[in-house]
Amino acid sequence: MGKIIELKNVNKWFDKFQALKDVNLEVNQQEKIVICGPSGSGKSTLIRCINRLEEHQEGEIIVDGKEISENTKDIEKIRAEVGMVFQQFNLFPHLSILDNCTLAPIWVKKMPKKQAEEVAMKNLERVQIADQAKKFPGQLSGGQQQRCALARALCMEPKIMLFDEPTSALDPEMIKEVLDAMVDLAKAGMTMIVVTHEMGFAKEVADNMIFMDEGRIVEKAKTKDFFNNPKSDRTKLFLSQIL
Amino acid sequence: MKNILIKPSKEHLSNFVSLGGFLIFIGFFDVLANTFLDLNLTGFLPSKLSYLAPLIIGTIGLYFIRIEFSGNKLLDKINTNFNSSNLNAVLTLIVIFSLIKYIPPLLNWFIFDANFAGNVKEDCTGDGACWVFVKVWFNRFVYGMYPDAEQWRINSAFIMLFALVGASFFVPLKFKKYLLIFLLFIYPIIGLKLISGGDFGLKYVETGAWGGLSLTFIVSAFALILCFPIGMFLALGRRSNLPAIRYTSIGFIELWRGVPLITVLFMSAVMFPMFLPDGTYVDKLIRVLIAITLFEAAYMAEVIRGGLQALPKGQYEAAKSLGMGYWRMHFLIILPQALKLVIPGIANTFLALVKDTPLIFVVGLLELAGMVNLAKTNPKWLGMAMEGYVFAGLVFWVICYAMSRYSQNLEKKLSTER
């Protein structure tokens, strides 16, 4: 299994504030990585750099063999291969659930409408909201909306899925239904990078854990080692507070 | 205070209600007598006091019947809706008395004393409105100076338009697209050719002869249809990351927004030809259409930009993360939502545009209000300004109200909220 994402010495500034400091990371195909850390530590910025929703100033980011920089002509093509699920769902409120899922396949991948709808229904069934297909996002619960957002990303048949705190905006009883859908996806062999505070999910799914603080990757370890004997003191402190 | 003022109470409900009712009745009786019988019952009072007497008496009456939880449903309803405080009581009475006083004379002028029959000014008695004026000039108000024999061309152009628009509601979705393209790109050419003539054996009618309500429609329709896409691109341009496009858009918008329409029209008609090489000629109407279109496009751009501004950043990010480029993102995700948000603002701009059309009189084009203006200066019909402008005002109101209702329906139809 080759590596599909590679970050080399990535630095990123928001004006004067340095959000990422010398970040190095390799992700193999089908690997599942969970990133955790205190707020403001650069977790979200890191994964948003991978599909260039944020621009990095120094270093290299290589996704599926292509380098991402301001010279990248077809950044859209890379984005089409990298699905993303946001904290605030970001469904398109003017479109029905089904249309949310078929829009990008039809217009970006030029898929025929019939086929796009079949793919969409398959993915909606996978996250168990096929019966809501005709409704609009505003009529769904938060958990259902987030599962729809997951289905929407899956309809593009991405090679990599990024999750930016997918359960942070949800009521506690809805978190489980979203996590279940994500566990299913992980078992199906998707490459996933997940920013989350759900340590239960991390223990169940992640191959590797990353702990970030102040823009740096403080610790990267196999999941078992990460929870059982964390090396750095900062990680120990964080885990003691969160577990 | 409490000892001096009689406090209405529930114990003496019937006493208070009959006393209050009596006072209110006196107030109303005074106003009615004053209006319809020309009787001034309070004439013995000083004139100002006499004028206000019904209001004062009525307010005192309303004070007496203001009893909370009286148990009488009608009384409670009146008290909560019209009589909840002294101020509300006064306002209620002022509104009702004004209606009694001013509605009948208005109706008299409009209908009962008005003259409808006849063909010359002398047929009007002068008591009420002289609708004969509007009747005689009606043809001109609608068609301007367009030759009578050729008016069927305007009629058929508009009938064709209505037929096409009507058809667009019924045809299946598949053909709707083609119908829309036909309506937007081919019909205007056919319509204009039909009205202006010059080919196909149709007599040429110069644009100076166009006028009246039909010209109002022509100018409004063209400007409405054209200013919308231009405004949209200007709005996107103003938010562009490319400095050249951004500053061009800002410059364009600020230039056109900063100049009064009447100046723009004047320049388009008088100054613009000076810059053209000799021998080239752009029709006056076309110049005016371009001027109004660009002027309104600048306003439209800012309205649409307001909608773009209101969309959360997440919508852009979600669209990008799905692999959409700039144009797909804007046309599929951003604009549909932004435009829906600013339907009230767009309707506002459209209404203002329709009501701005009379300004084309400065270049000698006379639409409805312009024709009224012309007709009232006709020596045979002097003194008919009121009737003319009331008529023009009513027509504009009907047009604008219809547009406003349509925009409200559209808002409801496009709403995807719960």
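Contact here means heavy atoms within 4.5 Å. The views below come from a predicted model, in which local features need pLDDT of at least 70, side-chain atom pairs count only at pLDDT 80 or more, and totals for chains, interfaces and linings use all residues. Residues are numbered from 1 along each chain as its sequence is written, chains are lettered from A and ligands numbered from 1 in the order in which they are written, and side-chain values use heavy atoms, with hydrogens and water left out.

**View 1. Where chain B meets chain A.** Let's start at the interface, where 26 residues of chain A are in contact with 20 residues of chain B. The size of an interface is often given as the accessible area lost when the parts come together. Buried area is taken that way (1.4 Å probe, summed over both parts), and between these two chains it comes to about 2000 Å², with carbon and sulfur atoms giving 62%. Look for B:Ser321, B:Leu322 and B:Thr416, which supply 29% of the area that chain B buries against chain A, more than any other three residues.

View 2. A salt bridge needs a side-chain nitrogen of Lys or Arg within 4 Å of a carboxyl oxygen of Asp or Glu, and the count between chain B and chain A is one. In that pairing, A:Arg48 and B:Glu317 meet through their side chains at 2.5 Å, N to O. Polar contacts are pairs of N or O atoms within 3.5 Å; within protein, one must be able to donate a hydrogen and the other to accept it, and residues adjacent in sequence count only if both atoms are side-chain atoms. Six residue pairs across the interface, both at pLDDT 80 or more, are in polar contact. On the side of chain B that touches chain A, helix H12 (313-321) and helix H13 (326-341) are the elements that give two or more residues; helices (H or I, at least four residues) and strands (E, at least two) are DSSP runs, numbered from the N terminus. H12(B) gives the most, with eight residues.

**View 3. The six-stranded sheet of chain A.** Strands pair if DSSP finds at least two bridges between them, and here six strands form an open sheet of mixed pairing in the order E6-E7-E8-E3-E9-E10. Strand E6 (82-85) and strand E10 (216-222) of chain A stand at the edges with a single partner strand each, so one side of each is left without a neighbour in the sheet. From one strand to the next, the twist averages 15 degrees. Strand E3 (residues 32-36) and strand E8 (residues 191-195) of chain A are parallel, joined over four bridges, and A:Ile33 has A:Ile193 as its bridge partner in E8(A).

**View 4. Helices on that sheet.** Axes are lines fitted to C-alpha atoms, for helices over the stretch in contact, and angles run from 0 to 180 degrees between N-to-C directions. Helix H5 (residues 142-154) of chain A touches E6 and strand E7 (160-164), its direction making about 170 degrees with that of E6(A). Helix H9 (residues 233-242) of chain A touches E3, strand E9 (208-213) and E10, at about 100 degrees to E9(A).

**View 5. The four-stranded sheet of chain A.** This open sheet is antiparallel, in the order E2-E1-E4-E5. Eight bridges join strand E1 (residues 3-14) of chain A to E2(A), with A:Ile5 opposite A:Val27. In the hairpin of E4(A) and E5(A), which has two residues between the strands, A:Asp64 takes a positive phi near 50 degrees.
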